[in-house]
Amino acid sequence: RDFYQADVKYLSKWKKWKRTSSKSLKKVLNEVKGWSSYLVLWRHDIHSIEGRFGTGIQSYFSFLRFLVLLNFINFILMFSFVTLPTIISTYGIFNSTVAKISPPNIEYNCTIYEPSGNKGLVYFFTYLKDLLSGTGFLEVTSLFYGYYTIDSVWISIMRYNLPLAYLLATFAYLALSLIWIIKRSVEGFKQNLVHDADQFQSYCNKVFAGWDFCITDPNAARLKHRSLQYELQTDLEEERLKQKIEHRTIKEKLRIYSLRISINIIVLAILLGCFYSIYRVTVFSQENSNDVSNTNFQANLLVQYLPSIVITLANLIGPLIFTFLIQFEDYLPAFEIILTLMRCVFLRLANIVVLLFSLWSQISNCTADKCKPCGYNYKLYPCWESDVGREMYKLMIFDLIIILAVTLFVDFPRKLLVTHCSCKLVQWYGLPEFGISNNVLEIIYGQTICWIGTFFSPLLPAIATVKYFIIFYIKKISLKHTCKPSAKPIRASSSNFFFLAVLLIGLVLAFIPVGVSIASIPSSKACGPFRNFNTSWEVVPVTILEFPRGLQKFLFGIASEAFAVPIFMVICLIMFYFIALAGAHKRVVEQLREQLVLESRDKMFLIRKITEAQ
Amino acid sequence: AYKRFSELLPKEERGNACSVRVPKRQILTLPELRANPFQERICRVFSTSEAGDDSMSFEDFLDMLSVFSDSATSEVKSHYAFRIFDFDEDGTLDRKDLEQLVNCLTGQGEESRLSSTEMEQLIQNILEESDIDKDGTINPSEFQHVVSRSPDFASSFKIVL
């Protein structure tokens with residue numbers, strides 16, 4: 001028995017130790033979590049914005065913070081794998097050297113590239129012009145693709161394959177952005193699904209359990225009042241509209257559908273008009289900025305910035321026209337908002353694509369034998385990747401300037417006018433409201449430019465990080481001093497998911513130009529790490545051919561049809577399985593909901609019986 | 001809780017806080033009640049003063065805190081919620097009570113009230129969802145039934161000191 005007791009004591013000591021160790025581990029984890037929440041950027045600022053303006057606007061600022069972090073990580077990636085080895089080897093630190101192999105079998109004309117980094121005495125405004133348009137002294141820095149005219153780097157005895165690293169770093173940052181955005185949007189998606197599911201007793205729930213008794217701040221209370229009022233009003237209005245739609249006659253339906261079709265045609269015509277004007281302007285700007293010889297500073301700068309100006313004008317006017325037109329289409333209010341936003345998103349993102357397309361049409365303008373020896377228009381664009389990078393850089397700088405200018409010269413004077421001048425027109429115009437969707441589209445537009453441009457200009461994410469940092473403070477100050485709280489509070493969970501979904505569309509759209517540049521347009525022979533290859537993608541097959549035989553066979557096997565088709569079929573099967581599972585779950589939920597309704601009817605029946613029996 | 005209650009009293013009476021009644025306007029300075037649109041109703045419901053001036057003693061204060069705490073059961077909460085929402089204290093929630101309730105929720109001031117057609121539509125919907133015996137009013141058991149199936153009730157009907 002003593003042995004048994006000793007055994008028990010031993011066991012319980014072991015259990016005790018386990019319990020205490022798990023408790024202390026949990027405590028340590030909690031403390032670490034607490035400390036790490038202090039490290040989160042701008043935690044206090046965003047918290048105070050949430051208290052004063054509601055969760056909709058707070059979600060905009062957390063989205064901005066997410067983009068700052070994403071760009072910073074992208075910058076670290078590109079910098080450490082591409083720029084750092086180049087700089088180390090160019091300056092010979094760590095006993096490193098650079099190998100520049102001149103391309104074989106290429107005509108000499110293709111390899112002439114003399115960027116005119118400013119030499120000699122130059123005026124100060126030349127520096128300003130160069131800073132704004134990425135020419136001159138900026139062209140020869142590590143900002144643009146042309147700097148990396150290196151074929152491999154030798155650090156002591158190790159060989160660092162810079163072309164391969166450049167390509168893989170590009171793929172890495174695109175993949176990283178994709179995975180991070182998907183991870184964040186999945187959380188929002190789950191919340192969205194749960195929130196929309198219960199429309200069962202929405203009115204009673206909103207009225208009896210609507211007020212959160214924990215609210216202690218009068219500002220938060222005001223916000224809550226306003227959001228409750230708005231929610232009740234929108235729900236009632238949607239119900240009224242739904243009833244109206246059900247009672248539409250056939251004649252009315254025909255009229256409305258024909259009206260919708262004609263408005264959609266008008267919208268399409270507007271979009272095509274925008275695209276055509278961007279194309280013409282880009283062609284004009286490229287032709288003229290190449291022959292002007294720095295005579296007139298302002299005119300030159302204007303011509304350089306013409307595409308950016310036209311795109312910004314289109315982005316400003318388009319949404320106004322769309323909001324005006326959609327009033328005639330008679331949709332439900334929620335659907336109206338979504339449709340207008342989709343049209344604006346399409347406008348903004350397609351503008352960038354059209355700009356790039358027109359640039360490419362210039363670069364591969366092969367009439368009159370201009371590109372015979374090299375495959376691209378080598379006279380005008382000896383280093384075309386740098387030119388594309390330059391356009392993206394200009395777009396980014398111009399975007400920042402416009403945001404600054406609009407805040408300084410439109411919002412602040414408006415606030416001054418409204419507070420000091422009491423004439424009726426001004427008072428009716430009122431203070432600006434913080435338009436969340438427009439602001440979000442603005443920053444997504446900037447982010448798409450950054451993603452496209454990073455392949456051509458590796459330091460662009462750093463510029464984007466600084467730009468979003470500045471935008472955060474500008475918007476915060478503008479919000480506090482010039483905006484009034486919106487009359488239509490928006491739900492935060494659906495907004496988060498919406499922002500990330502549009503960002504994902506932007507990312508997928510960014511894949512296309514980068515993919516086309518890498519895989520199908522011949523890389524410049526005069527500059528850049530891909531001089532010895534036909535296209536930038538060729539680095540990968542060439543590197544694979546250097547692998548051992550076994551690995552080569554394995555990789556070729558994966559890329560062949562014999563492997564791809566079965567994998568595709570397996571993926572399809574898995575997808576069908578999940579779709580079937582989701583359908584089954586939905587049916588179960590519907591059945592349970594019907595059972596709830598039957599249950600309440602049973603209770604009603606019983607109560608009636610009881611009251612009758614009394 | 002005792003500390004918070006005694007802070008509400010003027011200095012001289014802090015000694016025997018247990019037996020003194022605090023007038024209504026002092027109670028309403030509590031931060032938890034300050035922003036609450038139902039503050040008047042809360043004071044009326046929990047006050048046991050015979051003079052009808054809605055002053056609260058320490059026991060009333062404790063009552064109130066216990067009902068609003070996490071550990072109160074859902075029946076207790078729905079019982080008191082019913083009494084708070086019953087503005088004319090007739091034992092049922094009729095149309096006028098519901099109208100006043102909605103006006104409290106959307107805020108004071110003329111521009112924050114719903115229009116009369118919207119109010120009618122809203123009250124119609126509420127009664128459709130909760131009035132089981134179709135008599136045009138909500139009695140306590142109907143209210144309890146509706147609230148028991150509302151997901152947000154337990155988390156919103158809560159005050160934490």
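This is a predicted model: local features need pLDDT of at least 70, side-chain atom pairs count only at pLDDT 80 or more; totals for chains, interfaces and linings use all residues.
Local features need pLDDT of at least 70 and side-chain atom pairs count only at pLDDT 80 or more, while totals for chains, interfaces and linings use all residues. Residues are numbered from 1 along each chain as its sequence is written, chains are lettered from A and ligands numbered from 1 in the order in which they are written, and side-chain values use heavy atoms, with hydrogens and water left out.

Rings of Phe, Tyr and Trp (its six-membered ring) are paired if their centres lie within 6.5 Å; planes under 30 degrees apart count as stacked, over 60 as edge-to-face and the rest as tilted. By this rule, 30 aromatic pairs are found over all chains. In one of them, the ring centres of A:Y166 and A:F530 are 5.8 Å apart and the planes stand at 85°, so this pair is edge-to-face. Because A:Y166 lies in helix α5 (residues 162-197) of chain A and A:F530 in the loop between α15 (492-519) and α16 (539-545) of chain A, the pair ties together parts that are 364 residues apart in sequence. Helices here are DSSP runs (H or I, at least four residues), numbered from the N terminus. Both A:Y166 and A:F530 are buried, a term that means under 20% relative accessible area with a 1.4 Å probe, protein chains only.

B:F46 is buried, at a relative accessible area of 4%.

Back in chain A, one aromatic cluster is formed by A:Y145, A:Y166, A:W384, A:F455, A:F456 and A:F530.

Charges also sit over rings (NZ of Lys or CZ of Arg within 6 Å of the ring centre and within 35 degrees of the ring normal). A:R184 lies over the face of A:F66, 4.4 Å from the ring centre, and B:R41 over that of B:F87, at 5.8 Å.

Turning to domains, whose bounds come from an automatic or database assignment, chain B has domain 1 (1-68) and domain 2 (73-160). Between them, domain 1 of chain B and domain 2 of chain B bury about 1400 Å² (accessible area lost on being put together, 1.4 Å probe, summed over both), 70% of it on carbon and sulfur atoms. B:F38, B:R41 and B:F68 supply 48% of the area that domain 1 of chain B buries against domain 2 of chain B, more than any other three residues.

Terms used: Helices (H or I, at least four residues) and strands (E, at least two) are DSSP runs, numbered from the N terminus. Buried means under 20% relative accessible area, exposed over 50%, partly exposed in between (1.4 Å probe, protein chains only). Buried area is the accessible area (1.4 Å probe) that two parts lose on being put together, summed over both.
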